[in-house]
Amino acid sequence: MISGGIQFRRGPLARTGRGAVARAVIRGEPGISDEQVEKAVAARMERQQIFNREKPPLFRAIIDEGVLHRLIGGRKAMRRQLQAILEAVESPRIGVQIIPLTLGVTTGILGGFVIAQLPEDSDAAYIESTTNGHVTSCPEDVDAVRSRYDILRAEAQPRHVSLTLIREAERLWS
């Protein structure tokens, strides 16, 4: 299973037909060239193929509600992004929950992360920062990230409420 607190700008479900939102986020990197942007978008799209496997991983994401309302890549790109999330969650192997804005500051504001529970191997965590990401399988680090995930999941809206929020935001971008 893969689970993660998706930070405010990016995440594993950041996949529109042409990667418009991913492209806009990556372009925000100071000094990045068009070639580097396209290479990063292509890599991100390639990683999405894991969900097209015969037996894709279980995936659970927690998204801050602010992401639904932050214009990235234009109105059309935002609408397509939210439609892609709604399509993805039709799979019983993918779940998304929203952290409500009304909570204010949460442990998730510290940055994005992913926890990978690997069959016949130790779990690993990917921790994202402003400058780069870090992968660790150190049990103490993975446990600390898992604790953060558990807190966020407890604070997140239930699935049905989260999907309603995503649908409402998708209509706002129409």
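1. Helices (H or I, at least four residues) and strands (E, at least two) are DSSP runs, numbered from the N terminus. The model discussed here is a predicted one. In these terms, Glu-120 lies in the loop that runs between strand S4 (113-116) and strand S5 (124-128). Its phi is near 60°, a positive value in a residue other than glycine. Glu-120 is exposed, at a relative accessible area of 86%.

2. The largest nonpolar core contains 24 residues. Those with the most contacts inside this core are Leu-68, Leu-82, Ile-85, Ile-94, Val-96, Ile-98 and Ile-166. Two or more residues each are given to it by helix H1 (20-27), strand S2 (59-64), helix H4 (75-88), strand S3 (94-99) and helix H6 (159-172). H4 supplies the largest share, six residues.

3. A second, separate core has 10 residues, among them Ile-62, Ile-115, Val-142 and Tyr-149. In soluble globular proteins, nonpolar side chains tend to be buried together.

4. With neighbours within four places in sequence set aside, Ile-94 is in contact with Phe-51, Phe-59, Arg-60, Ala-88 and Val-89.

5. The side chain of Gln-97 reaches the backbone oxygen of Gln-157 at 3.0 Å. Not counting residues up to four places away in sequence, Gln-97 touches Ala-61, Ile-62, Ile-63, Arg-153, Ala-156, Gln-157, Pro-158 and Ser-162.

Methods:
Residues numbered from 1 in each chain as written. Predicted model: local features only at pLDDT ≥ 70, side-chain atom pairs only at ≥ 80, totals over all residues. Heavy atoms only, no water. Core = buried A, V, L, I, M, F, W, Y, C linked by side-chain atoms within 4.5 Å. Buried < 20%, exposed > 50% of the residue type's maximum accessible area, 1.4 Å probe, protein only. Contact = heavy atoms within 4.5 Å. Polar contact = N/O pair within 3.5 Å; in protein donor to acceptor, adjacent residues only side chain to side chain.
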